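Thanks, everyone. Let's take a quick look at the spaces in this structure and at the ligand that goes with it.

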Amino acid sequence: VKAPRRILVRTQDGESYPVVVGRGLIHALPGLLEEHAPAHRYALVGDRRVMELHGGAIRGRLSEMGLQVDAFDFPAGEEHKTLEQWSRLIHALLDAGFGRDACVLALGGGVSGDLAGFVAATYMRGLPVVQLPTSLVAMVDSSVGGKTGVDVPQGKNLVGAFHAPRLVVADPELTGTLPRAERSQGLAEAVKHGAILDSGYLADIESDAAHLLAGDPEPTVRMVARSVEIKAGVVSRDEREGGVREILNFGHTLGHGLEAASDYGLPHGSAVAMGMVLEARLGEELGVTREGTARRLASALQAVELPVEPPAQLDIGRILDHLKVDKKAREGRPRFVLLAETGRVDPPGGGTTSWSRPVSLDRVRNLLSTPWSAAI
Ligand SMILES: NC(=O)c1ccc[n+]([C@@H]2O[C@H](COP(=O)([O-])OP(=O)(O)OC[C@H]3O[C@@H](n4cnc5c(N)ncnc54)[C@H](O)[C@@H]3O)[C@@H](O)[C@H]2O)c1
Ligand SMILES: [Zn+2]
């Protein structure tokens, strides 16, 4: 067994936490907890599906080593990342007598990480949390960076808190039970990491695509570790949004517009995949992005079985409406992170205060109404 990879993430308050990535690491969890998150009691929180698949073994392992663990679950699915489930979990922990000397273990995909993380952020003004991601989305994206929260009827992730974990343990063997389509969703964010900061990594994802989709552990470990390094590097430079963290939004301005226009029928990773290709085309048209970048991204995305062009039935007017109200828009003009080329983003002004630039809605409308096949 290879030594696990250990990546440090710096937080705003000058502290840092490790993300450890390695095959079979979950068996070493008791020791890792003793070292990084010692507590009198642990609350293992995850969605029912993940808890059924992996909760028992993890709880058993921890109990065997003398740690006291109670399990709490909630129904799987984004539609349960709610204030109702947050409230139910908080009451369950109170009823079970959890005090300030406890620690939350967030087990599952991004929904579990965000919801359990928000429970930890708010319970008795904050308990330590350890993230135990089980989906690729959670391993390469949501478990790193400290954002927690829930959805409300008015929109996704509108209630939440920054709450950095004490430790993140990513064991790619836990993804053995993950459906192939969910792997593609996680690979969308991995492609994004390559697109913004490492073109060699983008090429690796494309050439390893078949193995990554099949869930082969070795390429999966490499991919997760590289993505965590990239995201951790960006987050460490800027734990609280605003500055360089903005580059993680590449593909997301249009991605969010597509999601909204589909009434969230499109999965996030698929929407971001199409968003990245559109934003690369936009950058090429504006002369900011090197020619051929959109093609290159599309080829990597297709290799990991993601769509690269929006479905024709999506209403362009609705996409544009969403862009106008996007929280990053200024005076009705949406802002975009545009690549210089694959693996590189340059701040527009040469300075480092903003990494995105405004683009007129007319130009975006024109982009959306020109099918790509017609554009080449
Ligand atoms: N906090 C952040 O910075 C951040 C970043 C990106 C995404 N997110 C959030 O993450 C969520 C999406 O994450 P997700 O795609 O992991 O969704 P998810 O947590 O709903 O997981 C997707 C599905 O896969 C199942 N699953 C997870 N791990 C499994 C495994 N090992 N085997 C079998 N099934 C498994 C889950 O039960 C669920 O049904 C969204 O709510 C999004 O807002 C947060
Ligand atoms: Zn995303």
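Start with a term. A cavity here is a set of grid points where a 1.4 Å probe fits but cannot get out. Rolling a probe the size of a water molecule over the atoms shows where empty space is left. One caution before the numbers: this is a predicted model.

So, how many cavities of 30 Å³ or more does the structure hold? Two.

Take the largest cavity. Its volume is about 50 Å³. Which residues line it? Glu246, Asn249, Thr253, Lys328, Arg335, Phe336, Val337 and Ser356. Two of its residues are nonpolar, three are polar and three are charged.

On to the second largest cavity. This one has a volume of about 40 Å³. Its lining is made up of Val129, Gln131, Ser142, Ser143, Gly146, Lys147, Thr148, His163 and Pro165. Two elements each give two or more residues to that lining: β6, at 129-133, and β7, at 147-152. Sort this lining too. Six residues are polar, two are nonpolar and one is charged.

How many residues surround ligand 1? There are 24. The closest are Glu78, Gly110, Thr134, Ser135 and Thr177.

Let me pick out some contacts. Glu78 has a side-chain N or O atom 2.6 Å from an oxygen atom of ligand 1. Asp47 also uses its side chain: a polar atom there lies 2.8 Å from a ligand oxygen. With Val111, look at the backbone. A polar backbone atom of Val111 is 3.0 Å from an oxygen atom of ligand 1.

How much of ligand 1 does the protein bury? Taken alone, ligand 1 exposes 850 Å². The protein buries 86% of that.

Which elements give two or more residues to the shell around ligand 1? Three helices: α2 (48-64), α4 (110-122) and α5 (136-142). Of the elements, α2 gives the most, with four residues.

Nine of its residues are charged, eight are polar and seven are nonpolar.

To recap. The predicted model holds two cavities of 30 Å³ or more. Ligand 1 is surrounded by 24 residues, and the protein buries 86% of the area that the ligand exposes when taken alone. Over to you.

Technical notes. Residues numbered from 1 in each chain as written. Chains lettered and ligands numbered in written order. Predicted model: local features only at pLDDT ≥ 70, side-chain atom pairs only at ≥ 80, totals over all residues. Heavy atoms only, no water. 1 Å grid on protein atoms, 1.4 Å probe; cavity = no way out; pocket = protein on both sides within 12 Å on 5 of 7 lines; lining within 4 Å. Points joined across faces, edges and corners; volume = space filled by probe spheres on them. Nonpolar A, V, L, I, M, F, W, Y, C, P; charged D, E, K, R; others polar. Near = heavy atom within 4 Å. Polar contact = N/O pair within 3.5 Å; in protein donor to acceptor, adjacent residues only side chain to side chain. Areas by Shrake-Rupley, 256 points an atom, 1.4 Å probe, with all protein chains shown as cover.
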